[in-house]
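Trainee: Could you walk me through this structure while I have it open? I would like to go slowly.

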Amino acid sequence: MKGLALRFHSRGLLVTGDTFPVKEELKALKGRWDAMLQGWLFPFDGKQKLLQGLRENGISASMDDRAKVSLVLGGCSQGISVSGETYPIREFLRESGGVWDSKLKGWAFKDVTSTQLAKQLKAFPDVSASTANSKSKVEETAKRTVKTTRKEGGSREGLQVDKKRQKISCKSTGAHIQTTSVTKKRRIQETKGKVIETRTVVVKRVRNK
């Protein structure tokens, strides 16, 4: 028997090649024949179940698994972005902590470095080894200051300021892409009769056109 090929299509997983001798097995695995595509369609998230079923029927040895997505990692205001052919593995990206961002047209990840995320993605069997590392360099700084002042009459005033700054630049040229700064202030004023707490958040974002 000639070989089979498995790849991602916009409508799902597609099995093509010499499928006629194994059409009953493919049908039993919930495949749907598509005459226009000349292949069998399966759900995006059914790859592992499909491969297991093919192995159990002794077919997997003739399968050329091309169903691997190519991704690109970059920097964004939330942290690290993942774009590219993300739709087939959207559930995996969501379970890994990603949040879809329609403006980015990709997934945003917080609290993880691009190196850690790239390693995690490449360990997933449906991700191509050609997945690109971040084309951007992300630098982050954080600073907290706390100041307490006691006034005459027993009143007290406290001020806490948290500043975070993220700078994204091109890794190869060093050109500035975006800088985001977040300043959070918490002011507490205590007197004999009451406590007043005021919180403010200021977000400043500068992008190069």
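Mentor: We will go from the whole chain to its sheets and then to its aromatic rings.

Mentor: This is a predicted model, in which local features need pLDDT of at least 70 and side-chain atom pairs count only at pLDDT 80 or more, while totals for chains, interfaces and linings use all residues. Residues are numbered from 1 along each chain as its sequence is written, and side-chain values use heavy atoms, with hydrogens and water left out.

Trainee: Okay, how many helices and strands does the protein chain have?

Mentor: The protein chain has 4 helices and 13 strands, where helices (H or I, at least four residues) and strands (E, at least two) are DSSP runs numbered from the N terminus.

Trainee: And what share of the residues is buried?

Mentor: Of the 209 residues in the protein chain, 35% are buried, and here buried means under 20% relative accessible area, exposed means over 50%, and partly exposed lies in between, with a 1.4 Å probe and protein chains only. The accessible surface comes to about 13,700 Å², and 50% of that belongs to carbon and sulfur atoms; such areas come from the Shrake-Rupley method with a 1.4 Å probe, and for residues only the protein chains shown count as cover.

Trainee: Now the sheets. In what order do the strands of the 5-strand sheet come?

Mentor: That open sheet runs in the order β3-β4-β2-β1-β5, with mixed pairing, and two strands pair if DSSP finds at least two bridges between them. Its edge strands are β3 and β5 (63-65), each of which pairs on one side only. Neighbouring strands of this sheet are turned by 30° against each other on average, direction ignored; for such angles, axes are lines fitted to C-alpha atoms, for helices over the stretch in contact, and angles run from 0 to 180 degrees between N-to-C directions.

Trainee: What holds strands together, in general?

Mentor: Strands of a sheet pair through backbone hydrogen bonds, either parallel or antiparallel.

Trainee: Which helix packs on that sheet?

Mentor: Helix α2 packs on the sheet, touching β1, β2, β4 and β5, and the direction of α2 makes about 160° with that of β5. Touching is a matter of contact, meaning heavy atoms within 4.5 Å.

Trainee: Can we zoom in on β2? Why is it called largely enclosed?

Mentor: In strand β2 (residues 12-17), 5 of the 6 residues are buried, so β2 is largely enclosed by the rest of the structure. On one side, 6 bridges join β2 to the antiparallel strand β1 (residues 4-9), with R7 facing L14 as its bridge partner, and a hairpin of 2 residues connects β1 to β2. Strand β4 (residues 39-42) also pairs with β2 in the antiparallel sense, over 3 bridges, and there V15 has W40 as its bridge partner.

Trainee: What about D34, is it buried or exposed?

Mentor: D34 counts as buried, because its relative accessibility is 8%. D34 belongs to strand β3 (residues 32-34) and touches R11, G39 and L41, leaving aside residues up to four places away in sequence.

Trainee: Switching over, how is the 4-strand sheet arranged?

Mentor: That open sheet has the order β6-β7-β9-β8 and antiparallel pairing. Strands β6 (71-76) and β8 (99-101) stand at the edges with a single partner strand each, so one side of each has no neighbour in the sheet. β6 pairs with strand β7 (residues 79-84) over 6 bridges, and L71 stands opposite G84 in β7.

Trainee: Last topic, how many aromatic pairs are there?

Mentor: The structure holds 5 aromatic pairs, where rings of Phe, Tyr and Trp (its six-membered ring) pair if their centres lie within 6.5 Å, and planes under 30 degrees apart count as stacked, over 60 as edge-to-face and the rest as tilted. One of them is F44 with Y87, an edge-to-face pair at 5.1 Å centre to centre with 80° between the planes.

Trainee: Why does that pair tie together separate parts?

Mentor: F44 lies in the loop between β4 and α2 (47-56), and Y87 in the loop between β7 and α3 (90-95), so the pair ties together parts that are 43 residues apart in sequence. F44 is buried at 13% relative accessibility, whereas Y87 is partly exposed at 47%.
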